[in-house]
Amino acid sequence: MMSDLKRKAKAKQTDSKIAKKQCLNEETDKTDSVKSRYFDTDKEELLSPGPSCTVQNSGFEADKRLSSSFYKKSCLQLARNLLGQVLVRRCPTSGGLLCGKVVETEAYLGNEDKAAHSYKGKKTEKNSAMFMDPGTAYVYNIYGMYCCFNISSEGEGAAVLLRAIEPIQGLEAMTCNRSNQRKEGSKALKTKDLCNGPSKFCQALAISKNAINKQDLVSSPDIWMVAGDQIDDQHVVNSKRINIGYAEEFVDKPYRFYILDNKCVSVRDKKAEELLRSG
């Protein structure tokens, strides 16, 4: 009898692991909405499995995407103006929309910028998206297992790295996507930790190099931007970029922008925040 109980327990654990793996990039048939000013609160988004899933009245559909003119800016200006806008990814399995407000960015100015992949005009197959029309997605892999998502701007080889977003729609799917990339037994993720880093939000939104790199945000059926909040200058922190110790005199350039007091920002710069508050 004891051996039968052990076999049943083992089978239950196996079924649980299989179910968890199947969750990756999938959205359930339950209502997956969050109370927010971004939503039509009278009509919630109902998600159901399968590519035929349609989303109505969420406010983030592709026909509301930002036009090409939004991206035709200098790299620094685009990095600043992206704050508050909404990144939308169509879930590759369900067709539902995964959305988050951009709360942190970094500008990489191209030819002149020693921290940029395109420094001195270097153009390769890997970074060619940086030289494409403004509004082109540039996705690259790091450490062989993570991705970073950028958007090209005006300027030869210039692009903006999105460092963090604030989840606002599709949280159940985002949590599932992130959980499947974490160690067994890890603590449950808090909402503020779902997308508070460049690779974290790529996992949450199922953004990969193979799927998204070189896609035009103005026309792609898979990923786009929608107008969101207008962030006042008094709420925008300007500081140096993260983890670019190799960039010599460009290490301390204030090319990072983030929304003051937003809990989803990856790394705070307390000195820059104090300066902003005192100014």
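**Exercise 1: Aromatic pairs.** Find how many aromatic pairs the whole structure holds, and classify the pair Phe 70 and Tyr 71.

*Solution.* Step 1: rings of Phe, Tyr and Trp (its six-membered ring) pair if their centres lie within 6.5 Å; planes under 30 degrees apart are stacked, over 60 edge-to-face, and the rest tilted. Step 2: searching the whole structure gives three such pairs. Step 3: the ring centres of Phe 70 and Tyr 71 are 5.2 Å apart with planes at 90°, so this pair is edge-to-face. Step 4: Tyr 138 and Tyr 140 make a tilted pair, with 5.3 Å between centres and 40° between planes.

A note on the source: this is a predicted model, where local features need pLDDT of at least 70 and side-chain atom pairs pLDDT 80 or more, while totals for chains, interfaces and linings use all residues. Residues are numbered from 1 along each chain as its sequence is written, and side-chain values use heavy atoms, leaving out hydrogens and water.

**Exercise 2: Buried or exposed?** Decide this for Phe 70 and Tyr 71.

*Solution.* Step 1: buried means under 20% relative accessible area, exposed over 50%, and partly exposed in between (1.4 Å probe, protein chains only). Step 2: Phe 70 and Tyr 71 are both buried. Step 3: Tyr 138 and Tyr 140 are buried too.

**Exercise 3: Charges over rings.** Name the residue that lies over the face of Tyr 108.

*Solution.* Step 1: NZ of Lys or CZ of Arg must be within 6 Å of the ring centre and within 35 degrees of the ring normal. Step 2: Arg 241 lies over Tyr 108, at 4.6 Å from the ring centre. Step 3: likewise, Lys 253 lies over the face of Phe 250, at 5.4 Å from the ring centre.
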